[in-house]
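Morning, everyone. Please bring the model up on your screens, and keep the sequence beside it.

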Amino acid sequence: MAQKTDSPVMSALCGRCPRCGGGHLFSGYLKVAVSCPVCELDYAGHDAADGPVVPIMLIVGFLAAGGVLWLEFALYPPIWFHMVIWPPVVLLLSLALLRPFKALFIGAQFKFRAEGDKFPDKNL
């Protein structure tokens, strides 16, 4: 069993259950597991939806646009070179950031007790 972390967000970022830190959060690359095999937390209400996409688009867009401008003014490559280099870079960066951002959103949802459209804690 994995070591329990203090924060549900950090547990989720490590790919672990936000409640116990022991079970797996994902059953595939981006597919959230049905429940935690250790503490049996049901993940059905914890869904990141399209939330991670916006920060990823901003980050990857900034890096790609900056890279294109730097490469263009530093080396003056032909257009075909940009067309060969940048689509795979954007795709790989997007795929690399998607799982951690999805885990971050799910961990934050659990930390602040948000499940779908309801908040179980009455004090919030």
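First, what are we looking at? This is a predicted model. The mean pLDDT of the protein is 87. Of its residues, 87% reach 70 or more. Among the elements, α2 has the highest mean pLDDT, at 97. The lowest belongs to α1, at 91.

Now the layout. How many helices and strands does the protein have? Three helices, zero strands. Along the sequence, the pattern reads α-α-α. The protein has 124 residues, and 29% of them are buried. Take the contacts with a separation of 6 or more: 47% of those join residues 24 or more positions apart. The protein exposes about 8,100 Å². Carbon and sulfur atoms supply 69% of that area.

On to α3. This helix covers residues 79–111.

Still, α3 has a bend. Where is it? At L98, and the angle is about 30°. A proline, P100, follows within four residues. Let's stay with P100. Is P100 buried, partly exposed or exposed? Its relative accessibility is 33%. Buried would need under 20%, and exposed over 50%, so P100 counts as partly exposed. G15 is 85 residues away along the chain, yet the two C-alpha atoms are 8.2 Å apart in space.

Which residues of α3 are buried? Here is the list: H82, W86, F101, K102, A103, I106, G107 and F110. While you find them, remember one general point. An α-helix has 3.6 residues a turn, so residues three or four places apart point the same way.

Pick one of them: H82, in helix α3. Its relative accessibility is 9%, under the 20% cut-off, so H82 counts as buried. What does H82 touch, leaving out residues up to four places away in sequence? V68, L71, E72, P77 and P87. With E72 there is also a polar contact, side chain to side chain, at 2.7 Å.

Last topic: backbone angles. Most residues other than glycine have a negative phi. So let's look at some that go the other way.

Take A49 first. A49 lies in the loop between α1 and α2. Its phi is near 55°, a positive value in a residue other than glycine. A49 is exposed, because its relative accessible area is 55%.

Next, Y76. Y76 sits in the loop between α2 and α3. Y76 is not a glycine either, and its phi is positive, about 50°. At 60% relative accessibility, Y76 counts as exposed.

To recap: three helices, a bend in α3 at L98, and a buried H82 in polar contact with E72. Thanks. Over to you for questions.

Methods. Residues are numbered from 1 along each chain as its sequence is written. This is a predicted model: local features need pLDDT of at least 70, side-chain atom pairs count only at pLDDT 80 or more; totals for chains, interfaces and linings use all residues. Side-chain values use heavy atoms; hydrogens and water are left out. Helices (H or I, at least four residues) and strands (E, at least two) are DSSP runs, numbered from the N terminus. Buried means under 20% relative accessible area, exposed over 50%, partly exposed in between (1.4 Å probe, protein chains only). The bend at a residue is the angle between axes fitted to the seven residues ending there and the seven starting there. A polar contact is a pair of N or O atoms within 3.5 Å; within protein, one must be able to donate a hydrogen and the other to accept it, and residues adjacent in sequence count only if both atoms are side-chain atoms. Contact means heavy atoms within 4.5 Å. pLDDT is the predictor's confidence in each residue, from 0 to 100. Accessible areas come from the Shrake-Rupley method with a 1.4 Å probe; for residues, only the protein chains shown count as cover.
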